[in-house]
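Hi everyone, thanks for coming.

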Amino acid sequence: MPIAELASPTSFDLTWVRSQFPSLAQTVNGHPAVYLDGPGGTQVPQRVIDAMADYLVRNNANHGGAFPTSRYTDRMVEEARAAMGDFLNCDADEVVFGPNMTTLTYAMSRAIGRELGPANEIVLTLLDHDANFSPWKALEEKSVGVRAVQFNHSDCTLDMNDLARKITSHTRLVAFGYASNAVGTINDVVEVVRLARRAGALTYVDAVHYAPHGAIDVRALDCDFLVCSTYKFFGPHMGVLYGKREHLQRLKPYKVRPNTNNIPNCWEWGTLNHEGVAGIKACVDYWEELGRRAKPSVVSHREAILAAYGAIHSHERAMTEKMIAGLLSIPGLKLYGISGPRQFDRRCPTVAVRIEGHTPLELATKLGERGFFTWDGNYYALNVTEQLDVERVGGFLRIGLVHYNTMEEVERLLAALREIVGR
Ligand SMILES: Cc1ncc(COP(=O)(O)O)c(C=O)c1O
């Protein structure tokens with residue numbers, strides 16, 4: 001029996017978790033589907049599917065109208081906003097919905113860029129997904145200086161000395177990731193925020209990869225902006241931006257004239273994906289129920305969400321240990337990123353590998369035929385694959401675990417990989 005389930009049989013009910021996700025029952029060529037593609041997008045619980053379908057059947061309307069379905073839509077969006085406020089630990093009017101993280105980040109970089117010019121610099125990192133790099137790099141068009149922080153190639157951790165050097169009195173913004181979607185490293189967000197704040201710079205945190213694994217507390221982090229994508233943490237294909245109220249009020253969005261000037265709606269252009277927003281509320285409800293089952297004594301929404309993250313932690317950790325130990329025992333396999341269990345608090349259960357004599361595409365294809373869904377390539381973390389010189393040879397094979405995966409799936413994946421590479 002899996003270690004985590006033995007260690008805490010009442011705090012994390014994997015059977016209940018799996019029963020919530022209908023897609024987990026699918027098969028491929030007679031093999032049970034094993035979803036190891038979470039970093040690219042996770043599966044959704046039935047309640048998210050139901051909420052989206054129900055909205056379309058019963059309440060489908062544009063917002064702001066004087067009739068029942070439109071009024072329902074306005075209420076539903078505000079409830080989802082409040083739910084995301086609980087999820088991120090901020091107020092509802094600091095939550096902006098959008099199509100995805102990339103679109104929200106381009107919009108915000110344009111708005112922040114309005115205030116920047118040749119005297120200013122922004123600091124980015126080479127460990128980031130390109131969605132937190134290119135939108136800021138585009139400000140070079142306005143002669144804003146762009147400085148990119150290196151990462152240590154040996155374990156794919158951010159080079160904090162380089163970061164400290166590159167943040168100067170000219171720095172106006174530091175954009176960086178909470179966790180790497182390519183190699184799984186969790187950055188020291190508190191320290192990066194401290195260094196940026198000391199220089200008077202704003203901070204923009206990409207929490208897309210961290211959100212399925214660790215609780216986010218924007219108040220405790222004291223970051224200025226933080227972005228995530230609900231489809232990476234069991235919700236619909238949408239993005240969410242947190243912005244400190246003072247910034248959302250002061251900065252000027254590019255927007256159409258009839259749109260309100262009130263926050264947060266002035267940052268939401270055109271009509272939102274209302275069925276997606278309905279799904280976001282149901283997604284946060286799922287997190288809360290997971291937490292209440294793990295810790296029945298919790299009272300508030302936020303406490304329930306924190307309890308959920310507490311419950312999934314040891315299960316994810318046990319799977320990570322098993323997977324990394326198993327991978328490292330395969331001859332010719334190279335793992336990129338943190339590999340020592342003592343450092344596992346600094347990584348997510350997302351693992352990038354290459355195996356001698358096999359391209360990542362070949363491995364992902366053969367695994368896919370056997371029902372294991374993994375990714376190959378750069379997953380838009382283009383600076384990472386270029387820096388590690390694997391971009392020209394197909395990038396990495398990425399295996400990503402989330403809490404609905406099982407120890408048995410990890411064991412089967414390791415056996416399948418060994419069979420494919422014949423070692
Ligand atoms: C770390 C990270 N940041 C940003 C993104 C972009 O997110 P979106 O698809 O919501 O634009 C991704 C998507 O894979 C990601 O993994």
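**Around the ligand**

Okay, let's start at the ligand. The residues around the ligand are N100, M101, T102, H129, A131, N181, D206, V208, H209, S229, Y231 and K232. Bear in mind that this is a predicted model.

For H129, the distance from a polar side-chain atom to a ligand oxygen is 3.5 Å.

And how much of the ligand does the protein cover? On its own the ligand has 400 Å² of accessible area, and the protein covers 90% of that. As for where the ligand sits, that's the largest pocket.

Now, over to the aromatic rings. Searching the whole structure turns up 16 aromatic pairs. Take F21 and F234: their ring centres are 5.8 Å apart and their planes are at 75°, so this pair counts as edge-to-face. What does the pair link? Distant parts of the chain, 213 residues apart. F21 is in the loop between α2 (14–19) and β1 (27–28), while F234 is in the loop between β11 (225–229) and β12 (239–243).

Last topic: the backbone. Most peptide bonds are trans, and most residues other than glycine have a negative phi. Here are two spots to look at with that in mind. The peptide bond from I263 to P264 is cis, with omega near -5°. You'll find P264 in the loop between α10 (245–250) and α11 (274–294). Then there's C156, a residue other than glycine with a positive phi, near 60°. C156 is in the loop between β7 (151–152) and β8 (157–158).

How values were computed
Residues are numbered from 1 along each chain as its sequence is written. This is a predicted model: local features need pLDDT of at least 70, side-chain atom pairs count only at pLDDT 80 or more; totals for chains, interfaces and linings use all residues. Side-chain values use heavy atoms; hydrogens and water are left out. A residue is near a molecule or strand if one of its heavy atoms lies within 4 Å of it. A polar contact is a pair of N or O atoms within 3.5 Å; within protein, one must be able to donate a hydrogen and the other to accept it, and residues adjacent in sequence count only if both atoms are side-chain atoms. Accessible areas come from the Shrake-Rupley method with a 1.4 Å probe; for residues, only the protein chains shown count as cover. On a 1 Å grid over the protein atoms alone, a cavity is a set of points where a 1.4 Å probe fits but cannot get out, and a pocket is an open set with protein on both sides within 12 Å along at least five of seven lines; lining residues have an atom within 4 Å of a point. A molecule sits in a cavity or pocket if more than half of its atoms lie within 2 Å of its grid points. Rings of Phe, Tyr and Trp (its six-membered ring) pair if their centres lie within 6.5 Å; planes under 30 degrees apart count as stacked, over 60 as edge-to-face and the rest as tilted. Helices (H or I, at least four residues) and strands (E, at least two) are DSSP runs, numbered from the N terminus.
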